[in-house]
Amino acid sequence: MTLRSRMRIATWNVNSLPARLDKVRWWIDRAAPDVLLLQETKLADDKAPHDALGELGYTLAHHGEGRWNGVAIASRVGLDDVQTNFGLPPAPADDPALLGEARMIAATAGGVRVASVYVPNGRSLGSAHYEAKLAWLDHLVGWARRTCDPAAPAVIGGDFNVAPGDLDVWDPAACHGGTHVSGAERERIAQLEAHGLVDAYRLRHPEGERYSWWDYRAGMFHKNYGMRIDLLLVTRPLAERVVFAEIDRVARKGKPTPSDHAPVVVDIGEPGVPLDAGWADADARIAARRRR
């Protein structure tokens with residue numbers, strides 16, 4: 001399949017696709033992505049909304065398990081060669097690397113190999129959950145090395161549950177000592193980058209205080225106390241053609257209750273439909289709330 005001259009690729013942890021389906025419809029109308037990577041769909045495969053997304057012109061590939069986890073790829077530029085679980089056979093539910101959970105799906109869309117990943121949370125440093133997270137990330141790194149040619153167009157996107165650097169958290173001093181910022185987690189992201197993957201958002205946004213996740217509690221969103229843990233990692237052929245990247249803060253607001261994550265968007269080749277993510281208007285209000 002030939003690489004398209006322009007593409008908009010996005011990733012979004014929707015925190016339950018049944019609960020956010022109307023929000024997803026709204027956002028597709030707003031942003032018109034060619035490929036949308038979804039995480040935490042919380043659906044079994046036979047409940048995935050193929051018809052609803054088909055009405056919008058998208059083909060859906062879904063890998064789910066019911067109430068928890070779940071990943072998907074929605075594409076309006078074709079969808080072929082679907083792979084789940086790193087191409088490995090099903091694992092038992094108590095697998096120490098969590099390979100029995102629905103956390104990874106890959107396909108080819110518009111000439112680009114895309115993967116949607118939902119990295120385990122890890123809960124607390126030194127716990128069995130944390131060790132499982134590191135083991136899962138090791139599988140991701142191994143899969144990338146085996147299958148993602150850094151000279152070919154590819155994207156690994158999703159909720160990584162890792163903030164790559166201190167610039168990606170609202171308060172490094174408050175966050176250090178917990179998961180998402182530990183050296184071992186960040187080292188796995190660095191290994192993906194060493195393989196030839198580039199953090200597409202950072203190509204256009206070197207500044208701080210731009211996050212993709214905020215806790216629902218304590219007004220964290222309105223004070224902009226968050227983390228940038230939703231990433232689009234692209235190979236060099238795509239990185240050289242990134243013309244726009246954004247975190248759509250607007251999608252984190254409004255009713256019905258939004259996900260606690262915001263979509264991350266990159267445009268390859270040419271800009272997609274205009275998208276005002278709301279950051280410029282919000283900066284003064286955020287500063288005032290922090291002072292209060």
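**Figure 1. Contact between helix 3 and helix 5.** In helix 3, Y130, K133, L134, L137, D138, L140, V141, A144 and R145 meet A184, E185, R188, Q191, L192 and H195 of helix 5, where contact denotes heavy atoms within 4.5 Å. The model shown is predicted; local features require pLDDT of at least 70 and side-chain atom pairs count only at pLDDT 80 or more, whereas totals for chains, interfaces and linings use all residues. Residues are numbered from 1 along each chain as its sequence is written, and side-chain values use heavy atoms, with hydrogens and water left out. Helices (H or I, at least four residues) and strands (E, at least two) are DSSP runs, numbered from the N terminus. The axes of helix 3 (residues 128–147) and helix 5 (residues 183–195) come within 10 Å of each other and cross at roughly 5 degrees. Helix 3 is therefore roughly parallel to helix 5. Sorted by class, the contact between these helices comprises eight nonpolar, two polar and five charged residues. Axes are lines fitted to C-alpha atoms, for helices over the stretch in contact, with angles from 0 to 180 degrees between N-to-C directions; under 35 degrees counts as roughly parallel, over 145 as roughly antiparallel, 65 to 115 as roughly perpendicular and the rest as oblique. Ala, Val, Leu, Ile, Met, Phe, Trp, Tyr, Cys and Pro count as nonpolar, Asp, Glu, Lys and Arg as charged, and the others, Gly among them, as polar.

Figure 2. L140 is found in helix 3 and counts as buried, at 0% relative accessibility. Buried means under 20% relative accessible area, exposed over 50%, and partly exposed in between (1.4 Å probe, protein chains only). Leaving aside residues up to four places away in sequence, L140 touches F86, V117, I156, F160 and L192. F86 is 54 residues from L140 in sequence, yet the C-alpha to C-alpha separation of the two is 7.4 Å. Helix 3 itself lies across strand 5, strand 6, strand 7 and strand 8, and runs at about 175 degrees to strand 7.

Figure 3. Six strands in the order 5-6-7-8-12-9 make up an open sheet with mixed pairing, two strands being paired if DSSP finds at least two bridges between them. Strand 5 and strand 9 (197–199) are the edge strands, each pairing on one side only. From one strand to the next, the twist averages 20 degrees. Strand 5 (residues 80–84) and strand 6 run antiparallel and are joined by three bridges; D80 stands opposite T108 of strand 6. Strand 6 is also antiparallel to strand 7 (residues 112–118), with six bridges between them, and T108 faces R113 in strand 7. The hairpin of strand 6 and strand 7 has two residues between the strands, and G110 takes a positive phi near 60 degrees there. Strand 7 and strand 8 (residues 154–159) pair in the parallel sense over six bridges, with S116 opposite G157 of strand 8.

**Figure 4. Burial of strand 6 on both faces.** Six of the six residues of strand 6 (residues 104–109) are buried, and the strand is mostly covered. In a regular strand, side chains alternate between the two faces of the sheet. In strand 6, M104, A106 and T108 lie on one side and I105, A107 and A109 on the other, all of them buried.

Figure 5. Strand 2 (residues 35–39) and strand 4 (residues 71–75) run antiparallel and share five bridges; I73 in strand 4 is the bridge partner of L37. H63 belongs to strand 3 (residues 59–63) and is buried, with a relative accessible area of 16%. Not counting residues up to four places away in sequence, H63 touches D45, G70, V71, T84, E101, A102, R103, M104 and I105.

Figure 6. C148 is buried, its relative accessible area being 5%. C175 also counts as buried, at 11% relative accessibility. Zero disulfides are found in a search of the whole structure, a disulfide being a pair of cysteine sulfur atoms within 2.5 Å.
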